[in-house]
Amino acid sequence: GWKLGNMLEDDVDEEAAAESGGESTDASDSAEKRPTLEHDWHALVERVQSYIKSLNFGYRSALQKAGIQYLNRFASFKSANVISLRDRKGAEREIRAKHVVIAVGGRPNFPDSFRGARELCVSSDDIFSLKRAPKKTLVVGGSYVALECAGFLRGLGFDVTLLMRSIPLRGFDRECADAVLNAIASEGTRVMQ
């Protein structure tokens with residue numbers, strides 16, 4: 001799973017406890033009881049970026065120790081066992097392999113049909129690349145990543161609206177999905193379906 005949300009929740013919980021002078025808040029606390037958190041967005045971004053870099057380093061080290069060659073390239077098959085690789089500078093080479101693992105690592109697409117989407121939107125991958133805190137955020141989607149982003153942004157004290165065109169957490173147990181959505185709403189996130 002995505003550990004970043006857990007790390008953020010721990011940070012928010014610790015900050016809340018320090019601010020209130022008591023025990024950390026738990027999920028049963030209502031939005032009204034939750035203390036207003038003071039935090040340093042730049043320090044949080046730096047910590048998240050460092051965490052992500054350490055994860056990526058760990059993954060690459062594990063691959064190397066296992067004797068797996070990691071190639072971050074654009075690829076196309078020339079034949080069943082020959083692959084043409086192209087790097088970001090356009091340099092090409094071919095490799096041969098008996099077995100190939102394809103990990104595409106997709107990125108979200110912003111719709112061209114919505115004017116300003118590319119200029120005004122960020123993906124969940126890029127939220128911690130923002131130079132300043134988002135303050136007011138519209139989270140679009142009903143996936144676990146969308147709900148997690150809405151939850152941690154609200155937990156940091158930001159004004160959050162969650163907009164979903166369909167049911168939340170599709171494919172998950174409906175009772176659990178509804179409980180998660182209700183918990184997010186009870187913390188002060190506006191939910192629009």
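Begin by selecting F77, V100, I102 and V104, which together form a nonpolar patch on the surface of this predicted model, with about 410 Å² of accessible area between them. Keep F77 highlighted, since the tour continues from there: F77 is partly exposed, with a relative accessible area of 47%, and F77 is found in strand β1, which covers residues 74-77.

Now show strand β2, residues 82-86, together with β3: the two run antiparallel and are joined by five bridges. To look at a particular pair of residues, select L85, whose bridge partner in β3 is R93.

Finally, move to helix α4, residues 144-155, a helix of twelve residues that reaches 16 Å from its first C-alpha to its last, close to the 16 Å expected at 1.5 Å a residue. Which residues of α4 are buried? Select A146, L147, E148, C149, A150, F152, L153 and G155, which are buried in this helix. The last stop is G157, which follows α4 and has a positive phi, near 95°.

Note on methods
Residues are numbered from 1 along each chain as its sequence is written. This is a predicted model: local features need pLDDT of at least 70, side-chain atom pairs count only at pLDDT 80 or more; totals for chains, interfaces and linings use all residues. Side-chain values use heavy atoms; hydrogens and water are left out. Patches are made of residues with over 30% relative accessible area and no salt bridge: like charges are joined within 9 Å, nonpolar side chains (Val, Leu, Ile, Met, Phe, Trp, Tyr) within 5 Å. Accessible areas come from the Shrake-Rupley method with a 1.4 Å probe; for residues, only the protein chains shown count as cover. A salt bridge is a side-chain nitrogen of Lys or Arg within 4 Å of a carboxyl oxygen of Asp or Glu. Helices (H or I, at least four residues) and strands (E, at least two) are DSSP runs, numbered from the N terminus. Buried means under 20% relative accessible area, exposed over 50%, partly exposed in between (1.4 Å probe, protein chains only). The expected span of a helix is 1.5 Å times one less than its number of residues. Two strands pair if DSSP finds at least two bridges between them.
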